[in-house]
Amino acid sequence: MGNKQKSTVALNLCIEAARQTGRLPVEVSFSDDEITYPGTDEYVERTHTRPEICLDWVVLDTPLANIFSRTRPFFWPFDKTLQEIDWIKPFPKNARRLPETDIRNAVLPEYYPPPRGKKLICLLGIRAAESFNRRLSIYAAKGFLTQPNAYGVYTAKPIYDWNSGDVWKAITDNHWDYNQAYDTFIKFK
């Protein structure tokens, strides 16, 4: 979810597909990095209250780049070695901590067990236009759905061929809620 509006589109497309096939609620995972754009936590809170969504708000024990310090090049979200007063914000009341150190392991069958005979598919709002490597990953997978990883989890990229205009058109035309931080970002372009 959180990072870019393409995740908002992927989320809402998933909800619509689940609604049409009678598979609501949709399971959604949001990884909180502690430092987020203003408006992100509010958007996640609004998403958490939607009845068609079962939100899993997680904090991973993963090092993140700290571009502001040469002596401490990494920081850990809600670092357990610090006092809570030293965190950027309080630990979210709806969140849980996972021991994973790699974001790719945040969606595992042990956390999201699929029904018997069904696949666990992690849906991402990745677009091939954003990077050459992402475009190559689509070609390598021969489409928007990957082969299962070592844990049996597939990854789907349903809007891989969309551009930024397509993303914003979908949000506008469908009146989907989104992170209002992007209203501020557009003013500084």
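1. A residue is called buried when its relative accessible area is under 20%, exposed when that area is over 50%, and partly exposed in between (1.4 Å probe, protein chains only). By this rule both K89 and D32 are buried. The structure is a predicted model, in which local features need pLDDT of at least 70 and side-chain atom pairs count only at pLDDT 80 or more, whereas totals for chains, interfaces and linings use all residues. Residues are numbered from 1 along each chain as its sequence is written, and side-chain values use heavy atoms, with hydrogens and water left out.

2. K89 and D32 form a salt bridge, with 3.1 Å between the closest N and O atoms; the term denotes a side-chain nitrogen of Lys or Arg within 4 Å of a carboxyl oxygen of Asp or Glu. This pair links distant parts of the chain, 57 residues apart: K89 is in the loop between strand 4 (74-75) and strand 5 (95-98), and D32 is in the loop between strand 1 and helix 2. Helices (H or I, at least four residues) and strands (E, at least two) are DSSP runs, numbered from the N terminus.

3. The count of salt bridges comes to 11. One of them joins R96 and D56, at 2.7 Å from N to O. R96 in strand 5 and D56 in strand 2 are 40 residues apart, and the pair links distant parts of the chain. R96 counts as partly exposed because its relative accessibility is 34%, whereas D56 is buried, with a relative accessible area of 13%.

4. E52 and R50 also form a salt bridge, the closest N and O atoms being 2.8 Å apart, and both E52 and R50 are buried.

5. On the surface, F132, L136 and Y139 form a nonpolar patch with about 360 Å² of accessible area together. F132 lies in helix 3 (residues 132-141) and counts as exposed because its relative accessibility is 55%.

6. S131 is found in the loop between strand 6 (120-123) and helix 3. Its relative accessibility is 26%, so S131 counts as partly exposed. A polar atom of the S131 side chain lies 3.0 Å from the backbone nitrogen of R134.

7. The whole structure contains zero disulfides, a disulfide being a pair of cysteine sulfur atoms within 2.5 Å. C14 is in none, and the nearest cysteine sulfur, that of C122, is 10 Å away. The sulfur of C54 is 12 Å from the closest cysteine sulfur, in C14, and is therefore too far for a bond. C14 is partly exposed, with a relative accessible area of 27%; C54 is partly exposed as well, at 41%.

Conventions:
Patches are made of residues with over 30% relative accessible area and no salt bridge: like charges are joined within 9 Å, nonpolar side chains (Val, Leu, Ile, Met, Phe, Trp, Tyr) within 5 Å. Accessible areas come from the Shrake-Rupley method with a 1.4 Å probe; for residues, only the protein chains shown count as cover. A polar contact is a pair of N or O atoms within 3.5 Å; within protein, one must be able to donate a hydrogen and the other to accept it, and residues adjacent in sequence count only if both atoms are side-chain atoms.
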